[in-house]
Each structure stands twice: as structure tokens, then as C-alpha cells.
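Please take a moment to look over the sequence and the model before reading on. The paragraphs below lead through a few places in turn, from pairs of strands to single residues and then to aromatic rings.

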Amino acid sequence: FPGGFFISEDNGHSWKDSSLGIGNDGIFSLSMHPNDHNILYAGTYNGIFKSTDQGQTWEMKAEGMPSEQWPYTVAIDSDNPNIMYTSTKNGQNKGFCHRNEFCGVVMKSTDGAESWFEIIDGLEDESEFYNLIIYPEDHDVLFLSTNNGVYISTNAGDSWEQINDGLPSTDNQVRDNVADNLVLTPDNNYLIFGLMDRGVWKAEINLE
């Protein structure tokens with residue numbers, strides 16, 4: 001790591017490099033188009049790349065995105081796959097937040113990753129943004145993990161608010177470059193959130 005993109009065609013017994021267009025870039029996240037499995041998206045050290053041939057070749061799709069972003073999530077709306085979200089950390093200066101003018105950004109695309117725009121109303125400045133989850137029961141509802149805790153949007157990212165009641169500290173640090181630190185339980189009733197040095201926490205989802 002970084003090492004590029006690899007494909008197995010025999011259930012993982014062997015692998016081949018398939019990094020044309022992406023190089024040996026480090027990959028933080030992979031997403032597959034819900035309706036066309038030839039289309040893949042990779043969040044890398046240098047932004048978002050798209051493949052339309054099952055990962056054989058790649059092309060950068062980062063118009064509108066600040067440079068050197070590390071996308072931890074590329075979330076695709078299964079109802080309308082042209083709607084996509086990404087949550088990042090600024091990778092300049094090896095990703096050390098305090099050395100950069102800003103730390104990360106949350107962005108949305110409505111044209112299948114051809115262009116991106118910021119959706120950060122209500123989010124704290126100087127934050128790192130990690131997992132972004134589209135709630136399966138209402139795709140206008142988004143959950144987002146940050147180094148300042150968890151946020152929710154109920155309007156498809158137009159605005160955000162914190163949902164940190166009950167967490168052990170106002171300094172809810174989540175700092176792991178490669179871990180999924182926010183997940184939904186299979187019944188979609190709870191969020192599970194991992195904190196640095198403070199364990200794992202559960203919140204019941206109540207949208208009423």
C-alpha cells in the first residue's frame with residue numbers, strides 16, 4: 001500500500017494487477033454500480049477513479065474536487081445511481097490535518113461522478129470525514145462519521161447536524177485511515193460507531 005488495483009477470476013486463489021490509468025495508487029474504498037457491474041469507482045490517494053470495464057482500465061473523475069483528497073467512501077444511491085457521495089481527508093503533507101489549510105470535505109455528484117460539489121452546511125471546519133452511509137429505508141437520510149463524531153442529514157446532504165448525545169467525550173476522535181468506523185446493523189435499526197481509545201458505541205435510529 002500503495003499497490004494499485006488487483007483482480008481475481010478464481011475466487012481469490014490468484015490475482016493479477018489491473019491498474020491501467022490508476023498506477024500504483026493507494027485505494028481507500030471501492031464501490032460497484034448497483035445496476036451495471038462493469039462500472040467500478042475507487043477512492044484513492046489522488047481522488048476518485050472510474051472503470052467501465054470491470055477494472056481493466058481507469059479514468060480519474062474528480063472535476064470540482066480539491067486536490068490530493070483521500071476518499072474513504074464513494075456511496076452510490078441505488079434508486080438513482082447518478083447521485084453519488086464521497087467523504088474525504090485532505091492528503092496533503094501525508095494527511096496530517098494540522099499541517100493543511102483544511103482537513104477534508106464531503107461532496108456530491110448528480111451526474112455519475114462527472115462533476116462534484118461540496119455539501120458541508122452544518123459540518124465543522126477542520127474535520128476529517130470517513131464513512132458515509134445512505135440509509136436504505138430513506139435515501140434522503142445520510143449518516144457520516146468524522147473525527148468529531150457522527151452527523152446526520154435528512155435532506156440528501158443539503159445540511160447536517162450532530163448526533164453525538166451519549167458519546168463519552170466532546171473529543172470523539174476517530175483516526176484510522178483504513179477502517180470502517182461507522183456501520184448499520186443488518187436490520188437498519190442501529191448505528192455502530194468505533195472511537196479511538198474509547199471502544200465501540202451503538203445508537204438506535206429514530207427518525208420521527
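This is a predicted model: local features need pLDDT of at least 70, side-chain atom pairs count only at pLDDT 80 or more; totals for chains, interfaces and linings use all residues.

Two strands are said to pair if DSSP finds at least two bridges between them.

Val 105 belongs to the loop between strand S8 (84-90) and strand S9 (106-109). Is Val 105 buried or exposed? Its relative accessible area is 2%, and because the limit for a buried residue is under 20%, Val 105 counts as buried. Leaving aside neighbours within four places in sequence, Val 105 is in contact with several residues, among them Pro 66, Thr 86, Glu 118 and Phe 129. The C-alpha atoms of Val 105 and Tyr 130 are 9.7 Å apart in space, while the two residues are 25 residues apart in sequence.

Elsewhere in the model, 4 strands form an open sheet in the order S3-S4-S5-S6, with antiparallel pairing. Its edge strands are S3 and strand S6 (59-60), each of which pairs on one side only. Inside the sheet, strand S4 (residues 40-44) and strand S5 (residues 47-51) run antiparallel and are joined by 5 bridges, and Gly 43 stands opposite Ile 48 in S5.

Another loop, between strand S2 (16-17) and strand S3 (27-32), holds Ser 19, a residue that is buried with a relative accessible area of 9%. What does the side chain of Ser 19 meet? It makes a polar contact with the side chain of Asp 17, at 3.2 Å, and a polar atom of the Ser 19 side chain lies 2.9 Å from the backbone nitrogen of Phe 5. Not counting residues up to four places away in sequence, Ser 19 touches Gly 4, Phe 5 and Trp 58.

The last topic is the aromatic rings, for which a search of the whole structure finds 7 aromatic pairs. One of them joins Phe 5 and Trp 58 edge-to-face, with 5.0 Å from centre to centre and 70 degrees between the planes. Phe 5 lies in the segment before strand S1 (6-7) and Trp 58 in the loop between S5 and S6, so this pair ties together parts that are 53 residues apart in sequence. Both Phe 5 and Trp 58 are buried. The pair of Phe 28 and Tyr 72 is edge-to-face as well, because the ring planes stand at 70 degrees, with the centres 5.2 Å apart. This pair links distant parts of the chain, since Phe 28 is in strand S3 and Tyr 72 is in strand S7 (residues 69-76), 44 residues apart. Phe 28 is buried at a relative accessible area of 15%, and Tyr 72 counts as buried at 9% relative accessibility. Together with Tyr 45, Trp 70 and Tyr 130, the residues Phe 28 and Tyr 72 form one aromatic cluster.

Conventions. Residues are numbered from 1 along each chain as its sequence is written. Side-chain values use heavy atoms; hydrogens and water are left out. Helices (H or I, at least four residues) and strands (E, at least two) are DSSP runs, numbered from the N terminus. Buried means under 20% relative accessible area, exposed over 50%, partly exposed in between (1.4 Å probe, protein chains only). A polar contact is a pair of N or O atoms within 3.5 Å; within protein, one must be able to donate a hydrogen and the other to accept it, and residues adjacent in sequence count only if both atoms are side-chain atoms. Contact means heavy atoms within 4.5 Å. Rings of Phe, Tyr and Trp (its six-membered ring) pair if their centres lie within 6.5 Å; planes under 30 degrees apart count as stacked, over 60 as edge-to-face and the rest as tilted.
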